[in-house]
Amino acid sequence: MLTYPFMTPERTAFRDTVRRFIEQEVKPFASDWDEAGEIPWALHEKAGALGIFGLGIDEAYGGLGFDDVFLRAIAGIEMGRAGIGGAMASIGARNIMTGPLQALASDTIKEKALPDIVSGRKGGALGITEAGGGSDVASLATRAERDGDHWVISGSKTFITGGLKASYFVIGARTGGPGLDGISLFFVEADTPGFTRASVGAKMGWWSSDTATLYFDAVRVPAEHMLGEQDKGFLAIMNNFNMERLAMIAQCVGMAEVCLEDSTAYAVERHTFGKPLIKHQVIRHKIADMSAKIDALKSYLWMICHTIESGSMPVAEIAKAKVLGSKTLEFCASEAMQILGGAGYLRGHAIERIYREVKVMAIGGGSEEIMRDLAVRQMGV
């Protein structure tokens, strides 16, 4: 097994704490939650008590008062190891909207929203994606018009993770001309008149994730609810996208590890043709290939974390690693399913859930196609 110089005693202790939480509070209930299509709200608060929502958030607002991208990645890996992506997506959705609040919101908004979000008492969600645009943020059509001391928001968002139950939202809306330069960000509360939401409906995976379409029918928000500069919202959250993608890379590592570990354990116990399945060369090769791909992905992830901690943001590498992550997960989920055979195809098995969740990891946070194009552009080509 590889050892990494980045795993300090503090980071190792954090990993162990999150792993115990996943083992005790998530895994025993994963199948029931998936079938029910929801998780108990208490899980949000239990996760909040670990501090995983507080990275990069000031202590005055309930945060940890510091950031460490390795801790973000470690939390992502352990949450991936839960084997129920929908539950982890539901509790983790707030992490992609608290950054903009911390960086751009007024003290009044921060004092109102962040303590509840960071503690898990209330939920938060980021609303950027629209039905007509998907990964094409430049075509964003939801509009905000100035009216005296308010902005009036009209339009809709979709595929918003955590959106059905969130109390607070960061919403992207067009305040200027076409393209990325005309987008601004707004803080919107769920009880604002004109705001409604509905489930996107049945999904291939992430059954326990509350995924919403949001509707804005002339929603009026105070002018001070604009976050950051007018028309500069996309630039303000570019780094936020990088952190979201890094978390998804980490989750791919954790999910792939489950595929390797569960299929290896099954191969040791299962006997075919007079000997353990693990003794068949074709199975041993599958396990070796899965292990090698996971080692490569995890090593790439740690080097990206090291680069960020050193003061640089390796956008091209994050984009490439997200593609590598979803492709590695796709390979491992398929090979694990082949090793388990019919046992893996049955509902209630982690491999079955992970197999269904591969595609959302390849699409969410920026599709493989968009990530490849972004990487090449960042490389100056």
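Reader: Which residues of α4 are buried?

Author: The buried residues of α4 are V69, F70, L71, A73, I74, A75, G76, I77, E78, M79 and G80. Buried stands for under 20% relative accessible area, exposed for over 50%, and partly exposed for what lies in between, with a 1.4 Å probe and protein chains only. The model is a predicted one, where local features need pLDDT of at least 70 and side-chain atom pairs count only at pLDDT 80 or more, while totals for chains, interfaces and linings use all residues. Residues are numbered from 1 along each chain as its sequence is written, and side-chain values use heavy atoms, with hydrogens and water left out.

Reader: What makes α4 mostly covered?

Author: The count does: 11 of its 12 residues are buried. The cover of these buried residues includes α1 (9-25), α5 (85-92), α8 (233-269) and α9 (281-309). Contact here means heavy atoms within 4.5 Å.

Reader: How do you know that the length of α4 is close to what is expected?

Author: Helix α4 covers residues 69-80 and reaches 16 Å from its first C-alpha to its last, close to the expected 16 Å. The expected span is 1.5 Å times one less than the number of residues. The name itself comes from DSSP runs, numbered from the N terminus: H or I with at least four residues for helices, E with at least two for strands.

Reader: What is found at the start of α4?

Author: A side-chain oxygen of D68 comes to within 2.8 Å of the backbone nitrogen of F70. A polar contact is a pair of N or O atoms within 3.5 Å; within protein, one must be able to donate a hydrogen and the other to accept it, and residues adjacent in sequence count only if both atoms are side-chain atoms. The pair of D68 and F70, at 2.8 Å, falls within that limit.

Reader: Why is the pair of D68 and R11 called a salt bridge?

Author: A salt bridge is a side-chain nitrogen of Lys or Arg within 4 Å of a carboxyl oxygen of Asp or Glu. D68 and R11 have N and O atoms 3.1 Å apart, so the pair qualifies. D68 is in the loop between α3 (42-50) and α4, and R11 is in helix α1, 57 residues away. Both residues are buried.

Reader: Why is α5 called largely enclosed?

Author: Eight of its eight residues are buried, so the rest of the structure largely encloses α5. The cover includes α1, α2, α3, α4, β3 (150-161) and α12.

Reader: Why does T192 count as buried?

Author: T192 has 13% relative accessibility, which is under the cut-off, so buried is the term. T192 sits in the loop between β5 (183-189) and β6 (195-199). Not counting residues up to four places away in sequence, T192 touches V219 and R220.

Reader: How do you know that A267 is buried?

Author: A267, in helix α8, has 0% relative accessibility and therefore counts as buried. Leaving aside neighbours within four places in sequence, A267 is in contact with P276, L277, I278, I283, I287 and I339.
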